[in-house]
Structure formats: C-alpha cells, structure tokens
Amino acid sequence: MMADMMKSMQMPSMTGMDMTMMQGCMEACSAAAMAATMCADADSGENMGRCASMCMNTADVATTMMRMMMRPGGYDMDVMRPMMSACMAMGEACAAECEMHAEMSEHCRICASACRAMVDACSKMMSGMAS
C-alpha cells in the first residue's frame with residue numbers, strides 16, 4: 001500500500017531520494033516505534049525506568065522520522081539529514097540499553113533488534129541521499 005501511495009503522489013522535491021530505500025526506512029522506523037512503545041510499557045512494570053525512558057524517546061523520534069518521510073512535499077535535505085542522524089543516534093542508544101537486559105527480557109531483545117534494523121535502514125537511506 002505504501003509503495004502504491006508514494007507512486008501516486010506528485011513529488012517534485014524528491015530528487016536524490018531512492019523510493020525503495022525510503023519505503024524500507026519508513027517501515028523500519030514504524031517497527032522500531034512499535035517495539036519501543038511495547039518495550040517501554042513492559043519495562044515500566046519491571047522497574048526499569050531508564051530503559052523505559054529510552055524506549056519512549058526512541059518511539060517518538062522514530063515516529064517523527066517516519067511521518068516526515070511521508071510528507072514528500074515538504075522535504076528539505078538540510079533538515080532531513082540531521083533528523084535522520086538523530087533517529088539513528090536514538091536507535092543506537094536504545095538498542096545499547098535494551099541489549100543490557102536482553103538475556104533476561106525477551107521484549108528488550110526484540111526492541112534492540114528492531115532499533116538496530118532501523119539504524120541500518122536509516123544509514124542506507126542517508127548513503128543514498130543526494131547532497
């Protein structure tokens with residue numbers, strides 16, 4: 001559905017954006033946001049406040065990044081690059097925090113994996129962006 005929607009939109013400012021990578025990045029951001037939201041909820045019941053906070057922040061940043069990519073009419077590469085860098089930094093930090101609990105907590109293991117996948121997708125997206 002997302003690919004069809006993107007094909008149907010007028011995207012004059014999309015020069016330099018690979019649509020396939022962008023779709024993968026949006027999907028990875030969405031998956032990380034969902035995993036982090038669920039992990040934060042589980043963390044709060046397990047008295048893991050720092051992990052819960054990291055997960056909530058990651059969910060917010062990932063959702064914002066995804067929503068920005070869904071609005072191609074307003075793309076500004078000078079804004080997209082630092083936002084993507086922030087998303088990757090938050091994903092790395094959350095993954096590192098969750099990995100500390102991964103052996104005892106399946107939800108942290110899953111969240112860390114989703115965050116790493118998001119960082120990888122964002123990194124690929126950034127390498128494909130025109131300067």
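Analyst: A residue is called exposed when its relative accessible area is over 50%, buried when that area is under 20%, and partly exposed in between. The model discussed here is predicted.

User: Why is D78 called exposed?
Analyst: D78 has a relative accessible area of 64%. The cut-off for exposed is over 50%, so D78 is exposed.

User: What makes the contact between R81 and D78 a salt bridge?
Analyst: A salt bridge needs a side-chain nitrogen of Lys or Arg within 4 Å of a carboxyl oxygen of Asp or Glu. The N to O distance for R81 and D78 is 4.0 Å, so the pair meets the cut-off of within 4 Å. Both residues lie in helix 4, 3 residues apart, about one turn of the helix. R81 has a relative accessible area of 22%, which makes R81 partly exposed.

User: Which side chain pairs with R109, and how do you know that the pair is a salt bridge?
Analyst: The partner of R109 is E106, at 2.5 Å from N to O. That distance is set against a limit of 4 Å, so the pair counts. R109 and E106 are both in helix 5, again 3 residues apart. Each is partly exposed: R109 has a relative accessible area of 40%, and E106 stands at 46%.

User: How far apart along helix 5 are D120 and K124?
Analyst: They are 4 residues apart, which means about one helical turn between them. Their closest N and O atoms are 3.2 Å apart, and the two form a salt bridge. D120 is partly exposed at 40% relative accessibility, as is K124 at 46%.

User: How many salt bridges does the structure hold?
Analyst: The count is 6. Beyond the pairs already described, E92, E99 and R116 are linked in a network of salt bridges.

User: What makes D43 a case to note among the charged residues?
Analyst: D43 is buried yet has no salt bridge. D43 lies in helix 2, residues 19-44. Setting aside residues up to four places away in sequence, D43 touches M48, C51, A52, C55, H107 and C108.

User: How do you know that C39 is in no disulfide?
Analyst: A disulfide requires a pair of cysteine sulfur atoms within 2.5 Å. By this rule the count comes to 0 disulfides. For C39, the nearest cysteine sulfur is that of C108, 3.7 Å away. C39 is called buried because its relative accessibility is 1%. C55 is likewise in no disulfide, with the sulfur of C98 nearest, at 3.7 Å. At 0% relative accessibility, C55 counts as buried.

User: What makes N47 stand out in its backbone?
Analyst: Phi of N47 is near 55°, a positive value in a residue other than glycine. Most residues other than glycine have a negative phi. N47 is found in the loop between helix 2 and helix 3. With 74% relative accessibility, N47 counts as exposed.

User: How do you know that the length of helix 5 agrees with its residue count?
Analyst: Helix 5, residues 106-128, has 23 residues, which at 1.5 Å a residue should span 33 Å; the end C-alpha atoms are 33 Å apart, so the two agree.

User: Against which helices do the buried residues of helix 4 and helix 5 pack?
Analyst: Those of helix 5 pack against helix 2, helix 3 and helix 4. The buried residues of helix 4 pack against helix 2, helix 3 and helix 5. In helix 5 the buried set includes C108, C115 and M125; in helix 4 it includes M77, G91 and E97.

User: Which residues touch the most other members of the largest nonpolar core?
Analyst: Of its 26 residues, these are C25, C29, M65, M69, M84, M118 and C122. Helix 2, helix 3, helix 4 and helix 5 each supply at least two residues of this core, and helix 2 gives the most, with 8. Another core lies apart from it, with 14 residues, among them M48, C51, C55 and A112.

Key:
Residues are numbered from 1 along each chain as its sequence is written. This is a predicted model: local features need pLDDT of at least 70, side-chain atom pairs count only at pLDDT 80 or more; totals for chains, interfaces and linings use all residues. Side-chain values use heavy atoms; hydrogens and water are left out. Buried means under 20% relative accessible area, exposed over 50%, partly exposed in between (1.4 Å probe, protein chains only). Lys and Arg count as positive and Asp and Glu as negative; His and the chain ends are not counted. Contact means heavy atoms within 4.5 Å. The expected span of a helix is 1.5 Å times one less than its number of residues. A nonpolar core is a set of buried Ala, Val, Leu, Ile, Met, Phe, Trp, Tyr and Cys residues joined through side-chain atoms within 4.5 Å.
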